[in-house]
Amino acid sequence: MAFTTLAHHIDVELLHVAYQRTRKDGAAGVDGQTAADFEQNLDANLRSLVDRLKSGRYHASPVRRVHIPKGDGRTRPIGVPTFEDKVLQRAVMMVLEAIYEQDFLDCSYGFRPGRSAHDALEACWKGLMDLNGGWVVEIDIRSFFDHVDHSHIRKFLDQRVRDGVVRRVIDKWLNAGVHEEGATWFPDNGTPQGGVISPLLANVYLHKVLDEWFETEVKPRLDGKCFLIRYADDAVMASRTRKMLAV
C-alpha cells in the first residue's frame, strides 16, 4: 500500500521533537548557522520551516563536503547539511521510518531503531555457528552513497510513499548539490553521507535490490541453510554449500 497523505504529520510539534533529537555539536553547513543560532528564535524558525515546506517555498541548501580520514591513508567524503535541513530531514525520517520499519527484513541492521553494529555481529556469529561450517561472501559496495541511482530511489519510493510534499522535499535534498572549496556542483547520482535522510534512503534502496533479492531469489535456489546480514552498504552472505558462489 502506498501512502498519499503524510505531510499533515509534519507540524511544529513534530519539528520540536526532531530538533531535540538533532545533534547540537555538529559542524555548521554552508550558511554557517549553528544549533545555538537556530535556537535563539526556535519557535519562529520551526514555524517558518513548516510553512515553507507545506507551501513549496522551502529550498534545500547544498551540503558542505568535508573529508574524514579512514585510517588507511584514504578519506571518506561526508556531506554537512545546514542545521535547519538536519531538523527537517530528521522529521521526515521519523515519518518514513514508521512506514519502512514494517517492510525492512530482519537481516538489515544499519541505521535502524534498536539495532546496532554489535547486533549485526552477534547475528552473524550465531548464523555461522548454526551452519557449522560453510562458505561466506563479504560484500562492500564501493562508494555506494556517492553513486546510488536517483531514478531507482524514486521508483522504490513510489511503491510506498506518494505524498507530494514529502516526495518534493526528498527530491530537493537529492538535487541540492555539493559545496567544496568554494565551488558547488550538482551530481546526477548519490545521496551524501552526513544527512540523516541518506541512511534511510540507502536502506530503502538496498532492501529492494539486496535483501529481497536474497530472500526471494537466492534462498530458494540453495540447498540447506543460508543467511544474509547487512549493515548499510556492507553485508555478509553465508551458506552451507558452495553453490551460493554461483548465484
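Let me start with the open sheet of 3 strands, whose order is β3-β7-β6 and whose pairing is antiparallel; two strands pair here if DSSP finds at least two bridges between them, and the helices (H or I, at least four residues) and strands (E, at least two) are DSSP runs numbered from the N terminus. The edges are taken by β3 (135–140) and β6 (226–231), each of which has a single partner strand, so one side of each is left without a neighbour in the sheet. From one strand to the next, the twist averages 10°.

Please keep in mind that this is a predicted model, in which local features need pLDDT of at least 70 and side-chain atom pairs count only at pLDDT 80 or more, while totals for chains, interfaces and linings use all residues. Residues are numbered from 1 along each chain as its sequence is written, and side-chain values use heavy atoms, with hydrogens and water left out.

Within this sheet, β6 and strand β7 (residues 234–239) run antiparallel and are joined by 6 bridges, and C226 stands opposite S239 in β7. Helix α5 (residues 117–131) packs on the sheet and touches β3, β6 and β7, with its direction at about 165° to that of β6; contact means heavy atoms within 4.5 Å, and angles run from 0 to 180 degrees between N-to-C directions, with axes fitted to C-alpha atoms, for helices over the stretch in contact. Helix α9 lies across β6 and β7, running at about 170° to β6.

That brings me to the partner of α9: which angle do helix α4 and helix α9 make where they pack? Helix α4 (residues 83–100) and helix α9 (residues 197–218) pack at about 25°, and their axes are 9 Å apart, which makes α4 roughly parallel to α9, a term for angles under 35 degrees. On the α4 side, Q89, V92, M93, L96, E97 and Y100 meet I197, L200 and V204 in α9.

The other sheet, also open, has 4 strands in the order β2-β1-β4-β5, with mixed pairing. Its edge strands are β2 (75–80) and β5 (183–185), each pairing on one side only, and the twist averages 40° from one strand to the next. Strand β1 (residues 63–69) runs antiparallel to β2 and is joined to β2 by 6 bridges, with R64 opposite V80 in β2.

Terms used:
Parallel < 35°, antiparallel > 145°, perpendicular 65-115°, else oblique.
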